[in-house]
Amino acid sequence: MVNIEKLCVDIRNLLDEWHENGTLYKINDFPARNFPYGWCGIVSEVLAVIIYKLTGDVVTSVSANDENIVPMEIKNHMWIEYQGLTIDLTGDQFNNDKFIFPSVICNQESHPLSSVMSTKRKSAYLIGVTKKANAFDLAHVRLISMIEAAPSIKEHYESVLQGTRADAL
């Protein structure tokens, strides 16, 4: 069984490390250079694929926007929901004097931004699974590969394999 909260923290730790050392910005010509600002879409879509690969489950993608939110510079956002969990690895991009979010949101509460932004939910696109990867998705595909190759993430895949083997016995 996958520990989703640990998986999310491990992925966010990798992203923070790669932001600090510049690795994150070598994945492609992705325009956002100041993680986590502007990274909600790619991170949510990548996380959706990784959760699918680990569990076989398709997550819900939540997009939110509101052009009328005055104290925020960013007017839209994306996160995912899975088995009753609200999961956001980039919500802290909204931190200001009105909002303070942790770097990882993974809990059973509604997303704090859902009270101030309009939201739309749909099944997540699974790049390379339910959605054929195209040129726009190169950064996604590279980031998925980088994350899956990291030792802290390989542990999650190994635990799933061990669980599958134990179930077969």
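Thr-86 has its bridge partner in β4: Asn-107. Three bridges join that strand to β3, residues 85-88, and the two run antiparallel. Strands here are DSSP E runs of at least two residues, helices are H or I runs of at least four, and both are numbered from the N terminus. Two strands pair if DSSP finds at least two bridges between them.

A word on the source. This is a predicted model: local features need pLDDT of at least 70, side-chain atom pairs count only at pLDDT 80 or more, and totals for chains, interfaces and linings use all residues. Residues are numbered from 1 along each chain as its sequence is written, and side-chain values use heavy atoms, with hydrogens and water left out.

Now the whole sheet. It is open, with five strands in the order β4-β3-β2-β1-β5 and antiparallel pairing. Which strands sit at the edges? β4 (105-107) and β5 (118-123), each pairing on one side only. From one strand to the next, the twist averages 25°.

Helix α2, residues 40-55, packs on this sheet. The helix touches β2 (76-82) and β3, and its direction makes about 10° with that of β2. Contact means heavy atoms within 4.5 Å. Axes are lines fitted to C-alpha atoms, for helices over the stretch in contact; angles run from 0 to 180 degrees between N-to-C directions.

The axes of α1 (residues 4-21) and α3 (residues 138-149) come within 11 Å and cross at roughly 110°. The contact uses Ile-11, Leu-14, Leu-15 and Trp-18 of α1, with Leu-143, Met-146 and Ile-147 of α3.
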